[in-house]
Amino acid sequence: MKLDSLYLDRDRTGQGATLFSTAVAGQQGRILCTIYTVGGQGMHPVLIFTHGYPGHEKNLDLAQSLRRMGFHSVVFFYRGSWGSEGQFSFNGSIKDTQAVLDFVLTDTQHGFDKKNIFFIGHSLGCITAARMIALYPEVRGGVFLAPCDFGKMYLLGKGGKSYSQSIACTIEEGIPYVNGTDSQTLIREIKEHLDTFSIEPYIEELAKKPILWISSPEDEVVSEQAGTLSFMQKLKNYPGHQIQWHRVASDHYFSNIRMEISMKIANFLLENIEHSRSRFNYATFEEELNNLIRPNLAGVTLGHVAEYFQVSVPYVSELIRQITGRSFTDLVLKLRMEEAGRLLAGSVLPISDITRLSGYQEASYFMKVFKKYYGCTPTQYRNRVQETGSRPAPQETLSRTPQPSDGNPKKSDP
């Protein structure tokens, strides 16, 4: 799968993507969730989104775009916020996040790949995500967007009026959007549990897992000094850590660079998903792949290949590119053209039959693609083999020619 999947819709498998609304049982009632599922059979990596306080930015665009990349996305809301039952509290947000993770770990209906669970947290959501990543070995890693370390902010506030006012204003502005609490109660909760609502106490465990940390020096809600710089300074004590720090120029919600962070997150996730190797080994992968594609040149899809090897679509796409040096589309084109050349050189079949056996339905389209690939028509190719005994070689520079699985000139399939 290519990164243009972030903004181009494709239905690769015939079983379309969809969403499910569900309610996870929490300590104070229903935790409202939406699950954006990937099209196609099999298991898929899963992303759990944890929103900030009070959760104005829900990052639904990231959930949708990363779903197109092949990841199930789970979006939920803490107790007492945005329709979930109960009274809001910071500690309750952590417990609700744990309840949703437990739901993912035990679910058998949605095709969650339990080896590939990632958290994507924003602001306060980075605290809840950090706790889950650090304490649950089942969680592979995560993404922190504009991390808000309330514990650190409170300590800085004790030493200066500006920080004290900043945290008070941040909490007060969110009160109209949460139920059953007030700003004094929430500030007291932070004061009494500084380590619980801080990221730094989990640094040793976080350093062992792949994490993408994105912050902005222009963040007007959480300064980098309170949310990032202290953590990064301490991270130097953990050589070999897997945390990537990416700085951007934006606001607290990355409002002006949504596509940029989508691409950054997508690349990070593709690099760090863990893959089942039960159906392949690297030494024989290319040969087995070619043997899978050749008998089904007209109908093979990337979804079929992923299902055969029992891995995710994003991973098998990247694996094909790494091992063969080609995208899946270009590989299918190559194999189709090789089959056409073999049939032209070794048989007297008419062009109409070679069209069909090479995975195409329309002879005119087949001839157009063939000429672009070899620099000559099928008839010229056959005549040259008969006259010289040698086959024309493919052109050195080929433009991408998308091919459909049914042989018609569409753009969605190879």
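Cys376 is buried, at a relative accessible area of 1% (buried means under 20%, exposed over 50%, partly exposed in between, with a 1.4 Å probe and protein chains only). Cys33 is likewise buried, at 4%, and a search of the whole structure finds 0 disulfides, a disulfide being a pair of cysteine sulfur atoms within 2.5 Å. The model is predicted, with local features needing pLDDT of at least 70 and side-chain atom pairs pLDDT 80 or more, while totals for chains, interfaces and linings use all residues. Residues are numbered from 1 along each chain as its sequence is written, and side-chain values use heavy atoms, leaving out hydrogens and water.

Turning to the aromatic rings, the structure holds 17 aromatic pairs (rings of Phe, Tyr and Trp, its six-membered ring, with centres within 6.5 Å; planes under 30 degrees apart are stacked, over 60 edge-to-face and the rest tilted). One of them joins Phe144 and Trp213 edge-to-face, at 5.5 Å centre to centre and 65° between the planes. Phe144 belongs to strand β6 (residues 139–145) and Trp213 to strand β7 (residues 211–215), so this pair ties together parts 69 residues apart in sequence; strands (E, at least two residues) and helices (H or I, at least four) are DSSP runs numbered from the N terminus. Trp213 is buried at 0% relative accessibility and also forms a stacked pair with Phe231, at 4.5 Å and 25°. Phe231 lies in helix α8 (residues 224–235), so here the parts tied together are 18 residues apart.

A charge also meets a ring: Lys58 lies over the face of Trp82, 3.5 Å from the ring centre (NZ of Lys or CZ of Arg within 6 Å of the centre and within 35 degrees of the ring normal).
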